[in-house]
Amino acid sequence: MGTISANKLAGLSIIVGSILSIIFFTIRPGGGLVGGNVDPADAAASIAAFLANSDMASLSFFFVPIGLILFFYGMRTLVENLQGSDGAPIARLGVVFFLLALIGWTTSSALALVIAGGNAGAAAGAVYVISLGINMTSSIFGALAFLLIALGLSTNSDFNKVFALVIAAISAIILVASIWAGKDLSMLQTTSMISGVGYIVTVVWVVTLGLGLLKKG
């Protein structure tokens, strides 16, 4: 049986995980390319979009967490390689925040799967609200995670400083927007669009990080 180095596995995990998660995030019913662009603050409309596109919703809410888990493994390995170097402490803190975000996003996706499968029944509204609350908190943690990781990597000569700082700036904008949306749900749809664009740019960045690990071998 063949073997693969930790760096190569981490590189593949970052690339596959980030691309997988962004693809299925984009096609999620009600918030992406399927089922119209529904305001996530509108529970009834969002639930209707899930139920009307239950197969696509199930695929989306199942594969997004898998992609994020792969990505987390890869990023943790990448940050571990920074041991003792500039930026390592702040990047490790970012990984901790991403783990918390990952747990929240996975839980939120599990609740959305219950709704999409038609198993929530009369409690669908309550389940959706809980899922939304967890997702909003996780989005704040996720933006903070990318901000810290990008700042940490920007101080290390092995990485593109300018690109890392651009991602840090984007993450800061998403962080502010996510906190704002948490206080004012009327801004949630706008924030979701801003975050979507920001995460697409971030995926391009993390893919370059994954390619770097593959070359490192």
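Residues are numbered from 1 along each chain as its sequence is written, and side-chain values use heavy atoms, with hydrogens and water left out. As the model is predicted, local features need pLDDT of at least 70 and side-chain atom pairs count only at pLDDT 80 or more, while totals for chains, interfaces and linings use all residues.

Rolling a probe the size of a water molecule over the atoms shows where empty space is left. Here a pocket is an open set of points on a 1 Å grid over the protein atoms alone, where a 1.4 Å probe fits, with protein on both sides within 12 Å along at least five of seven lines; lining residues have an atom within 4 Å of a point. The largest pocket has a volume of about 1200 Å³, volume being the space filled by probe spheres set on the points, which are joined across faces, edges and corners. Its lining takes in 49 residues, and Phe 25, Arg 28, Asn 135, Ser 139 and Ser 192 sit nearest the centre. Helices (DSSP runs of H or I, at least four residues, numbered from the N terminus) α1 to α7 each put at least two residues into this lining, with α7 (188-216) giving the most, 13 residues. By class, the lining has 27 nonpolar residues, 21 polar and one charged; Ala, Val, Leu, Ile, Met, Phe, Trp, Tyr, Cys and Pro count as nonpolar, Asp, Glu, Lys and Arg as charged, and the others, Gly among them, as polar.

The second largest pocket comes to about 290 Å³. Thirteen residues line this pocket, with Leu 78, Asp 158, Phe 159, Leu 209 and Gly 212 nearest its centre. Again α7 supplies the largest share, six residues.

Elsewhere, the axes of α2 and α3 (lines fitted to C-alpha atoms over the stretch in contact, with angles from 0 to 180 degrees between N-to-C directions) come within 5 Å and cross at roughly 100 degrees. The two helices are therefore roughly perpendicular, a label for 65 to 115 degrees. Phe 50, Leu 51 and Ala 52 of α2 meet Ser 54, Ala 57 and Phe 61 of α3 in this contact (heavy atoms within 4.5 Å).

Aromatic pairs (rings of Phe, Tyr and Trp, its six-membered ring, with centres within 6.5 Å) number eleven. The ring centres of Phe 50 and Phe 61 are 5.1 Å apart and their planes stand at 75 degrees, so the pair is edge-to-face (planes over 60 degrees apart). Phe 50 belongs to α2 and Phe 61 to α3, so this pair ties together parts eleven residues apart in sequence.

Terms used:
Parallel < 35°, antiparallel > 145°, perpendicular 65-115°, else oblique. Phe/Tyr/Trp six-rings, centres within 6.5 Å; stacked < 30°, edge-to-face > 60°.
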